[in-house]
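This report is meant for a reader who is meeting the structure for the first time. Please look over the sequence and the model before reading on.

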Amino acid sequence: MVALILASEECDVVNEVICAPTNVTELFEYKDPIWMIGNFPITRTILLIFLAALISCLLLYFGFRKPRLVPSRFQVAMESLVTFIRDEVAIAIMGPEGIKYVPYLLSLFIFILVGNLFEVTPLINFPITSRMAIPLFLSLLTYFIFVIVGFAKNNFRYLIDIAWPKSVPIGLRWFVGLIEIFSVFFLRPLTLAVRLFANMVAGHLMLTLLLGSGIIFIASVGEIGAKAGLGLVWFGFGLGIYVFEIVVGVLQAYVFTLLSAVYIQSSIHPEH
């Protein structure tokens with residue numbers, strides 16, 4: 001929000017109904033280093049990535065450090081989360097073989113969830129998943145896992161079953177096979193990343209524009225008089241989006257994790 005307010009210092013509140021920066025990338029780019037480690041700059045984005053990873057580790061550590069016979073509320077919450085990922089995602093999609101992928105899926109879900117919720121965290125207000133590099137990196141992790149698992153489980157039958165699907169009429173197998181190869185090996189990591197990235201960018205942009213414009217118009221009441229009421233409208237909409245973005249953050253973490261499990265399952269049983 002600070003970036004928007006700074007970018008909108010010259011906002012024409014008399015003639016405009018909403019304030020926006022001249023370049024919206026200012027809301028997502030933090031290139032100025034906070035400090036340097038040798039020649040490597042530590043920017044706000046990098047710091048937040050490490051913070052999200054640290055929070056994810058601490059949640060799991062304190063949730064299971066000293067399990068109690070009568071668990072605390074925090075332990076119950078963490079156990080419920082683990083149970084949900086294990087039973088409703090890993091096992092429900094992959095069957096008993098899904099147990100071995102629970103650590104990855106759980107870590108993925110928690111990290112994305114924390115990174116998404118940074119958007120609505122005071123003094124941060126920036127989802128790290130709104131930078132394409134982070135969703136793309138996570139999607140490539142899933143990509144390498146399901147490709148490696150596919151070849152490890154099925155050898156070259158994995159590629160043959162994709163390129164020559166037996167469930168398709170023989171005259172169409174070559175065509176469907178080409179589509180499947182392109183989809184599995186090229187589109188999957190891209191669409192997985194773009195889905196998360198686009199949702200978080202859209203939410204962050206809307207939230208910042210509405211709340212930022214609300215603050216600017218309300219602060220300009222002496223200059224614009226009754227028109228400052230627009231600020232109350234934008235701020236009210238912004239608060240509504242604020243609550244909605246919490247739901248979106250949780251949902252997008254779940255969808256990313258769910259699709260990762262689906263892709264891994266499709267590599268374990270490519271014939272399906």
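Which residues form a nonpolar patch on the surface?

## The nonpolar patch

In this predicted model, the patch on the surface is formed by F156, L159, I160, W164, I170, W174, F175, L178 and I179, which together have about 940 Å² of accessible area.

Two helices, α6 (157-163) and α7 (173-219), each supply at least two residues of this patch, and α7 gives the most, with four residues. One of the patch residues, I170, is found in the loop between α6 and α7.

## The chain as a whole

The protein chain has nine helices and two strands, and when it is read along the sequence these follow the pattern α-β-β-α-α-α-α-α-α-α-α. Taken along the principal axes, the box that the C-alpha atoms of the protein chain fill is roughly 70 × 60 × 45 Å.

## Helices α4 and α5

Helix α4 (residues 102-117) and helix α5 (residues 133-154) have axes that come within 12 Å and cross at roughly 170°. Because angles over 145 degrees count as roughly antiparallel, α4 and α5 are therefore roughly antiparallel to each other.

On the α4 side of the contact are Y104, L108, F111 and I112, and these meet I134, L138, L141, T142 and I145 in α5.

Methods. Residues are numbered from 1 along each chain as its sequence is written. This is a predicted model: local features need pLDDT of at least 70, side-chain atom pairs count only at pLDDT 80 or more; totals for chains, interfaces and linings use all residues. Side-chain values use heavy atoms; hydrogens and water are left out. Axes are lines fitted to C-alpha atoms, for helices over the stretch in contact, and angles run from 0 to 180 degrees between N-to-C directions. Angles under 35 degrees count as roughly parallel, over 145 as roughly antiparallel, 65 to 115 as roughly perpendicular and the rest as oblique. Contact means heavy atoms within 4.5 Å. Patches are made of residues with over 30% relative accessible area and no salt bridge: like charges are joined within 9 Å, nonpolar side chains (Val, Leu, Ile, Met, Phe, Trp, Tyr) within 5 Å. Accessible areas come from the Shrake-Rupley method with a 1.4 Å probe; for residues, only the protein chains shown count as cover. A salt bridge is a side-chain nitrogen of Lys or Arg within 4 Å of a carboxyl oxygen of Asp or Glu.
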